[in-house]
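Me: I have a model open and want to learn how to read it. Can you take me through some features?

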Amino acid sequence: MTTWHKRARSALGLSAILLFSVGGVSAIAQERTSVKIGYAVSKTGPNAGGAGITTIPNYVLWAKEVKDAGGLELPDGKRLPVEIIEYDDRSSAEEVVRATERLATQDKVDFIFAPWGTGFNLAVAPLFDRFGYPQLAVSAVTDKAPEFVKRWKKSFWLLGGGHDYTEALAGVLKQAKAAGTINGKIAMISVADGFGIDLVTAARPSFKKAGLEVTYDVTYPAGTTDFTPMINEAAKGGADTFVAFSYPPETFAITQQAQVAKFNPKVMYLGVGTGFPIYGKNNGANAEGIMSLGGIDPKNEANTAYRKRHEEVTGKAPDLWGSVITYASLQMLQEAIKRKGLDREAVSKELSTGTFKAVLGETKLENNQLRTLWFGGQWQNGQFVAIAPVDRPGAAKPILPKPVWQAK
Amino acid sequence: MIVTTLIAGLVLGGTYALVAMGLTLQYGISRIMNLAYGETIIAASFLAYVLSSSLGINPLVSLLVAAPLGFAFSYMIYAIMLRPLVARSKTAMSLEIDSILATFGLLFVIQGVMLVFFGGNYISYSYMNFGVDILGASVAANRLLALVLALAIGGGLYLLLTRTLWGTALRAVAVAPSSAPLVGIDANRAVRLAFALGGALAACGGVVISMYQTFTATSGVVFTMKALIVVIMGGVGNLLGALSAGLILGLVETFVATYVSPGLTLAAVYLIFLGILLWRPSGLFGKARR
Amino acid sequence: MKRFAIAGGFVVAVAVLALAPLCLGAYGLGLLIGLAGYVTLATAWALFSGPTGYISLATVAFVGIGAYCVAALSEVLPYPLVLLIAAAIGLAVALIVGLSTLRLSGVYFVIFTFGLAELIRQLVTFYEINVTGTLGRYIFLGITPEQIYWQLLALGVITLLLTWWIGRSRIGLALKVIGDDEVVASHVGIDIARTKLALFAVSAVIMTLVGAIQAPRWTYVEPAIVFNPTVSFLVLIMALLGGAARLWGPLLGAVPLFMLFEWLSANFPNHYSILLGLLFILIVFALPKGVLSFVEDNWMKRRGPRAADRSEARS
């Protein structure tokens, strides 16, 4: 029993040490010499692929630009250097929550950038709210944004909801059907993940309303590598429109396997990954005509300049959907700080009500959401150009039907 | 229609079998539960990708580079890191725990190095992505290559293990590691070679898979787990077991996707796996008790 | 007298830990929640796996079931009832899985449990999509992090006490015999099946509750988040490093490892994997018998031979 006793005592000692080590002593307030900005994002794990293209490079680019400009500008015209604190959430919801708590209460950062992913943005939303930080959630597609804004007043949702994207797609398809290009029958597959399900549940009513018929509608588990059975089934039902709400590995696989199966629908709409520059590069002429979420207006000079800087600084081109929005969100935050200073309350209010000149052009949020977005794009002549909403200035005309696969 | 599904299933199963055969050698003969196995696969995928995208080297040629590299790398890992653990372990259980912990560490090291070099991005290129017509079904040539390679390696190694003296020695070590030296077998050398051979197979798998599957620096774990399922289902250390288990899983996935629902493919795979284990607790081809 | 001192020390330690949130910030509290969660999971894992030698990778299956119960039921039922239902479902699943221990052993059991966790994840996903039509669920409960922590702490204390009690009871003896040799155990007249099943069930119910208690912290729950297999591996590694066969082993494995992960990811976000991996390899080579035996060996050296004798006599 003696050792048991000792163990109990050592456990007690351990817990005491632990308490001291985490308690910490807060620094005494002093003259401000820098602005601290932090973020927790998935650098490793299953989410790293997405975060590594849409989120992290833009945070890096922004930090470099602010540094080169001599610091972050405040209302009095003074510029303060920005100190960046970054954590890896390792694609775990528990880690992103704790890292955000660490940023807010331990590092006492002035502002926190949002993590990557719908689930992760929701996981940290209550914390941003509790600690009073504005949350500019970009890589989160959710139809519930209006509810979230009511619940968390300082949350901002910038990438729209599934409904927006499926309405845009239905609009394009409806036009094509009216023109007699397609027969209005759709084969649809979706990844069994928050993103895929959000979109497919929005797509069903959107297509119905547009008078389109869904002949094949299945979900597949994330991580599926072989789409041959689904492509064969989709081809059988007489549909000439193929829609896949997929993630990047699957988007790439479907593209390849559709070529092998000589599956040539007139409209081919694929999910995340279609808007990656590598998609166009890898598929070359076979990318032509493929549609997806997002898109850019190639005539927008600010965007073109941004893409050039992005490639110079980070060594790779940004994706053609969320990247530019991520960057715009940082520009808006930067501008709001310039107008209102480091008071998070005032900055949040400014983000909510102000009008900003960002890479997207004149930008103003409606009910804490960005609504002027490109919801649909298509690969045309080696560029992923925006085609929907069809009535927005700058939208290109969709090229239908999609060209037949070319043998490589 | 059934034929198409059958062929698609066999081709998919070929990939699973190919991935699993190296692990079954490493675990069955060398008794090392190598959690870093999938990282070897991914490292080879990166090699093929870099050689193909920056130097324009044909991935089939990369295969000839990757296999010896995988062999040499695994040989070194065994000699430097795992041999001391084997030497000091008194029981099979303590070796199992030590090797799990050590290769778990190795997993992170290899993954971390790849992350530093390549970041967390999705890597994808395509090679040999054209259809080959087999009995009316169009099959991707690159996936067919995986199946052919799996069959060739599986068959070749099986013959090697059953028909040659060297193979008999390896099997003797697998069955009775402590008594093999009594009949003049250098058990240590045999085990090291088997582990290195497993690494070479993993590297081959990695190169072939990179031709059609998107990967990231952190996707090795997925391959390790898939390979483990196949190895366990087939019976540890049994090449034909791994081959047939891989093909069965491919068939199950394709048939369920075609005739039941694509949403249940993985559920069906795990269900079949669990069912087979409950039916034969040491895998399809496993001996009653290890 | 000694007994009293031990009990006293334990009570004081728990009291200090229980009061800790009052003087810690949100981050400190977050750390304590993570620690309490992993210590409880690792201890519960070792409760079954330590004495029997069966290595289970089903941990996250139960954690996920717990979290999903809260996500699915918290809006219609009062919270304590939700916890009870979660425990009941965890128990039911555990009994079915536990039956497999009668047939499987060694690595076959390990991978079986892994496959099982994945199967449950796939089935939950399929059910959610095809029956309820959504995938993610939101948990909007007014439960503060303090309350989560206190619940976890209480559960952790109960788990430790339970492990201690089982170790001293007849079941504990039975389990040790099973771990050593199942054939001997059955000859001695121990009902192996029932003992293993009971232990597996208790351990699984605790894991389910950990998942259920932690769920409100994530706000948003989907299968990919709550059935993350990394959790199973971490728990296994923590318990193995600390020494799964001892009462304090899992705790002494979980606490330093958890703090290490935290420290590494905070200070080396870009080289976390490499450093962590190297540390693991170093630990295996430096501490062949696990952290606890290492700690004990050092204790004994300093305290002289008397303590060592006693410790030996005890173990």
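Reply: Start with a pair of helices. In chain C, the axes of α2 (residues 26–52) and α9 (residues 192–214) come within 9 Å and cross at roughly 170°. This is a predicted model: local features need pLDDT of at least 70, side-chain atom pairs count only at pLDDT 80 or more, and totals for chains, interfaces and linings use all residues. Residues are numbered from 1 along each chain as its sequence is written, while chains are lettered from A and ligands numbered from 1 in the order in which they are written.

Me: How do I read the angle between α2(C) and α9(C): roughly parallel or roughly antiparallel?

Reply: Angles under 35 degrees count as roughly parallel, over 145 as roughly antiparallel, 65 to 115 as roughly perpendicular and the rest as oblique. α2(C) and α9(C) are therefore roughly antiparallel.

Me: Which residues of α2(C) and α9(C) meet?

Reply: Two residues are in contact if their C-beta atoms, placed from the backbone, lie within 7 Å. The α2(C) side includes Leu41(C), Trp45(C) and Phe48(C). The α9(C) side includes Phe200(C), Ile206(C) and Lys196(C). By class, this contact has 11 nonpolar, five polar and one charged residues.

Me: How many residues do chain B and chain C give to their contact?

Reply: Chain B gives 37 residues and chain C gives 32 residues. On the chain B side, α4(B) gives the most, with 16 residues.

Me: What share of the residues in chain A is buried?

Reply: A residue is buried if 20 or more other C-beta atoms lie within 10 Å of its own, with C-beta atoms placed from the backbone. In chain A, 58% of the 408 residues are buried.

Note on methods: Buried ≥ 20, exposed ≤ 12 C-beta atoms within 10 Å, placed from the backbone. Helix = DSSP H or I, 4+ residues; strand = E, 2+ residues; numbered from the N terminus. Axes fitted to C-alpha atoms, helices over the stretch in contact; angles between N-to-C directions. Nonpolar A, V, L, I, M, F, W, Y, C, P; charged D, E, K, R; others polar.
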